[in-house]
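Q: Please take a close look at one part of this model and describe it in a connected account.

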Number of protein chains: 2
Amino acid sequence: MHIEVAATLQDCQSIGLTGKNAVVIDVLRATSVIATALHNGASAVVPAETAEEAHHLFDDFPSGNALLGGERNAVKISGFHNGNSPLEYTPETVSGKTLILSTTNGTRALKLCDSATETITAAFVNITSVVEYLSDKCNDIVIVCSGTAGKFSLDDALCAGMLISLISDRRVVETDDLGKLVLQFYGSETGNISDKLSSCAHLKYLQSKGYQKDIDFCLQADQFRVVPILKNSRLITA
Amino acid sequence: MHIEVAATLQDCQSIGLTGKNAVVIDVLRATSVIATALHNGASAVVPAETAEEAHHLFDDFPSGNALLGGERNAVKISGFHNGNSPLEYTPETVSGKTLILSTTNGTRALKLCDSATETITAAFVNITSVVEYLSDKCNDIVIVCSGTAGKFSLDDALCAGMLISLISDRRVVETDDLGKLVLQFYGSETGNISDKLSSCAHLKYLQSKGYQKDIDFCLQADQFRVVPILKNSRLITA
């Protein structure tokens with residue numbers, strides 16, 4: 001199995017996704033929200049790049065069948081039902097509904113993965129399910145670290161390293177230079193996930209905005225068994 | 001002092017170079033060639049993006065005053081005097097001459113740094129000189145890892161990590177998420193520079209093409225005291 005890692009959205013273009021399986025990671029918080037919403041019964045999550053696009057998509061649903069969720073600079077978009085906190089997406093809130101989600105980085109990354117053979121999303125909260133899915137079904141993978149405002153982000157990198165490490169327990173894996181670096185980071189002796197990410201800039205930004213509970217939730221591995229997969233521009237359970 | 005790291009050329013755009021000092025790294029081999037040529041008496045190194053541009057620049061020099069150097073896919077460009085091996089740039093070859101250099105990644109990176117306040121180049125071979133220069137004169141630095149064919153490359157990342165580590169011995173440094181990751185990689189317990197880079201894809205490619213001597217040369221720290229600085233589109237000694 002061959003695994004490449006894109007440091008940021010921009011780097012997808014140099015790597016190329018055609019004929020490959022894309023795995024989008026935006027740990028804080030979009031891909032954690034996606035896993036949570038689908039686990040809690042959302043019928044689908046539809047990524048929308050802009051708030052306007054999200055409103056248009058929403059207007060096509062019968063009343064009560066869809067929800068608008070998302071953030072700009074970590075804050076709920078004005079006029080939306082929910083923000084980008086996974087804790088908001090309880091079964092009571094999302095069960096049976098389509099979540100239309102617009103976030104700064106994660107949903108843009110999903111849109112950019114159009115040319116991939118298949119696109120799934122990963123986060124710590126559903127990592128083992130993703131590992132099993134990829135190990136069983138895929139041979140040529142690009143892990144897309146969504147990053148923050150176009151910049152490399154340590155939370156996504158650590159999740160990528162854990163993903164490669166866990167897949168390597170099941171399959172023979174070749175990876176690229178960034179894959180080797182994030183694998184080395186994941187395997188380093190500096191404590192658990194939270195310890196390794198204590199200096200992550202986006203984590204600190206979310207802390208400063210009062211989102212510690214979201215952070216604690218997003219950094220806990222294997223809370224759900226769910227693999228979100230993109231089909232016809234909607235994420236559903238694989 | 002604030003240090004940001006761009007994983008690839010593409011990532012410079014998200015980071016933004018305006019008002020900042022750019023440090024371009026292309027260890028294997030462009031920035032090692034640049035340091036060597038200037039140390040060995042070249043009057044300047046002029047980066048050229050294409051072979052055509054290099055020939056045009058060359059034609060403006062009186063006979064014997066300039067040299068054409070560079071590579072495509074690690075091989076000397078047809079019609080050029082020299083390739084991209086630092087070992088070719090002896091005092092006998094370059095002293096008193098202008099080297100017009102066109103390489104796959106390093107010279108493209110230099111062209112992209114137009115908007116920076118000042119641009120210098122770094123490699124292992126001249127790292128302490130660069131550290132002293134930056135520690136004395138700069139407060140806001142972007143390290144640009146040139147990478148290979150648009151992809152992140154471990155050799156540049158390790159050099160970036162060493163640069164940040166050595167600057168941190170002299171100044172209080174704040175760095176971004178990628179800066180923290182490459183710093184952690186440089187500080188990890190896995191042997192010396194060569195050991196840490198033993199799985200680097202571009203290093204292996206150069207090995208397969210018979211460039212082991214170049215690699216050995218480029219990975220030896222502090223062979224020269226020289227700081228190449230970009231002035232009027234030419235690299236000269238700072």
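Which helix gives the largest share of the lining of the second largest pocket?

A: The largest share of that lining, 4 residues, comes from helix α10 (residues 201-208) of chain A; helices (H or I, at least four residues) and strands (E, at least two) are DSSP runs, numbered from the N terminus. The model is predicted, so that local features need pLDDT of at least 70 and side-chain atom pairs count only at pLDDT 80 or more, while totals for chains, interfaces and linings use all residues. Residues are numbered from 1 along each chain as its sequence is written, chains are lettered from A and ligands numbered from 1 in the order in which they are written, and side-chain values use heavy atoms, without hydrogens and water.

The second largest pocket has a volume of about 370 Å³. A pocket is here an open set of points on a 1 Å grid over the protein atoms alone, where a 1.4 Å probe fits, with protein on both sides within 12 Å along at least five of seven lines; lining residues have an atom within 4 Å of a point. Grid points are joined across faces, edges and corners, and the volume is the space filled by probe spheres set on them. Of the 24 lining residues, N105(A), T148(A), A149(A), H202(A) and Y205(A) are the closest to the centre. By class, the lining comprises 8 nonpolar, 10 polar and 6 charged residues (Ala, Val, Leu, Ile, Met, Phe, Trp, Tyr, Cys and Pro count as nonpolar, Asp, Glu, Lys and Arg as charged, and the others, Gly among them, as polar).

The largest pocket has a volume of about 430 Å³. Its lining has 29 residues, of which T148(B), A149(B), A201(B), H202(B) and Y205(B) are the closest to its centre. Two or more lining residues come from each of β1 (2-6), β9 (174-175) and α8 (177-187) of chain A and from α10 (201-208) of chain B. Helix α10(B) gives the largest share, 4 residues. The classes in this lining are 8 nonpolar, 12 polar and 9 charged residues.

As for the interface, 25 residues from chain A and 25 residues from chain B make the contact (heavy atoms within 4.5 Å). The rule finds 4 salt bridges across the interface of chain A and chain B, a salt bridge being a side-chain nitrogen of Lys or Arg within 4 Å of a carboxyl oxygen of Asp or Glu. A salt bridge joins E4(A) to K151(B), with the closest N and O atoms 3.3 Å apart.
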